[in-house]
Amino acid sequence: MQCDYFASCASCTLHNMSYDEQLNFKVDREKERFNDLIDFSKTPLDIIKSKESNFRNRAEFRIWWEKDENSIKDILSYAMNDFDKNILQINSCSIVSPKIAELMPKILNELQKDMILSFRLFAIEFLSSSTDDILVTLIYHKKLEQNWEELAKSLETKFSIKIIGRSKKQKIVLSKNFIEESLNIENKSFRFNYEENGFTQPNTEVNIQMIEWVLNNTPKTNDDLCELYCGGGNFTIPLSTKFNKVLATEISKTSIKSALKNCELNNISNIKFIRMSAEDFVQALNKVRKFNRLKDIELDDYNFSTIFMDPPRSGLDDTTRNLAKNFENIIYISCNPETLHRDLKELLKTHEAVKFALFDQFAYSKHIESGIILKRK
């Protein structure tokens, strides 16, 4: 990858390696990590690669103000940290999507022209889709007034984008607070709305391959699926085509709202979404407690054979881990190999590994995501 800030910007920690070298480094590291639990001579290991550049569809940059000796105006630039945690001024980024990369200098130039738009601007967040829909969030350390709205609206129109303004206890949505996405998964189109400030997978092409990996390793059945940590339905909606019914839980109100909308966009009716934590759901399933939000759902009507889990970095708690052992099949997507390794020590007492995968969502960083398919022994 060609980047003016490679080896300076701390975002790309594996800057001293080519793409294949950094990927091999991470694959070898994870094979060594899981070697005590998984025999890779018997359990297939799939490697999902990223594009080598322009792969991130979500990015955030600080704004840096620099005094111009030849002008009364300060000069704005984007900023990241360098490897010594000092400010590194940048004017481009080679890992963001082409749409974001194209917009970055243009919008900064427009912001620079007007003090109402630029004064006390602290950061800019970008969210883009493969359909070239783009949402820009401008974050300030000041109250946003009516004159800001009018000027920001002209930027929306000029660049055909969506803009949100944020400040302390303030959020101004000029048109819409989401982008529209269309994912081609196994030659079928799925539509999604991704809300600002909601969780989305940052690498669209790897995300599609992650979903396809799960689908390819999940046979169609008349049984039902239980999903924990479902987010906005990224996996849930495609997976619903493999099961009779799906019951999915998520604690985030924003994500549940998105998931319901995404079901509507795809004309899917066999999914029920519940806003509750995984811990509370386990108590409901085990009839330890009754929950009002489950009053219209009869858990005994579900014939679960498979559980799908995509937990946060902390992995599974003891209660959820024990629940998973009761299912015939476990699909576990992990953003933290350390907690996955910890959880597998327990899950492999009752289940065996069928497939393992590594997903290179964050190329040139030390981070890699993983997935495993488990079947009851």
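Analyst: Domain bounds here come from an automatic or database domain assignment, and that assignment gives domain 1 (19-52 + 180-376) and domain 2 (58-178). The C-alpha centres of domain 1 and domain 2 lie 33 Å apart. With contact meaning heavy atoms within 4.5 Å, domain 1 brings 11 residues to the meeting place and domain 2 brings 16 residues.

This is a predicted model, in which local features need pLDDT of at least 70 and side-chain atom pairs count only at pLDDT 80 or more, while totals for chains, interfaces and linings use all residues. Residues are numbered from 1 along each chain as its sequence is written, and side-chain values use heavy atoms, with hydrogens and water left out.

The size of an interface is often given as the accessible area lost when the parts come together. Buried area is the accessible area (1.4 Å probe) that two parts lose on being put together, summed over both, and between domain 1 and domain 2 it is about 1,300 Å², with carbon and sulfur atoms giving 42% of it. On the side of domain 1, the residues that lose the most area to domain 2 are E180, Y194 and E196, which together make up 48% of what that side buries.

Turning to the pairs that cross the interface, a salt bridge is a side-chain nitrogen of Lys or Arg within 4 Å of a carboxyl oxygen of Asp or Glu, and the rule finds 3 salt bridges between domain 1 and domain 2. The side chains of K176 and E180 also meet in a salt bridge, at 4.0 Å from N to O. A polar contact is a pair of N or O atoms within 3.5 Å, where within protein one must be able to donate a hydrogen and the other to accept it, and residues adjacent in sequence count only if both atoms are side-chain atoms; between the two domains, 11 residue pairs are in polar contact, both residues being at pLDDT 80 or more.

Strands (E, at least two residues) are DSSP runs numbered from the N terminus, and the elements that give two or more residues to the side of domain 1 touching domain 2 are β9 (178-185) and β10 (188-195). By class, that side has 2 nonpolar, 5 polar and 4 charged residues, where Ala, Val, Leu, Ile, Met, Phe, Trp, Tyr, Cys and Pro count as nonpolar, Asp, Glu, Lys and Arg as charged, and the others, Gly among them, as polar.

How values were computed:
Helices (H or I, at least four residues) and strands (E, at least two) are DSSP runs, numbered from the N terminus.
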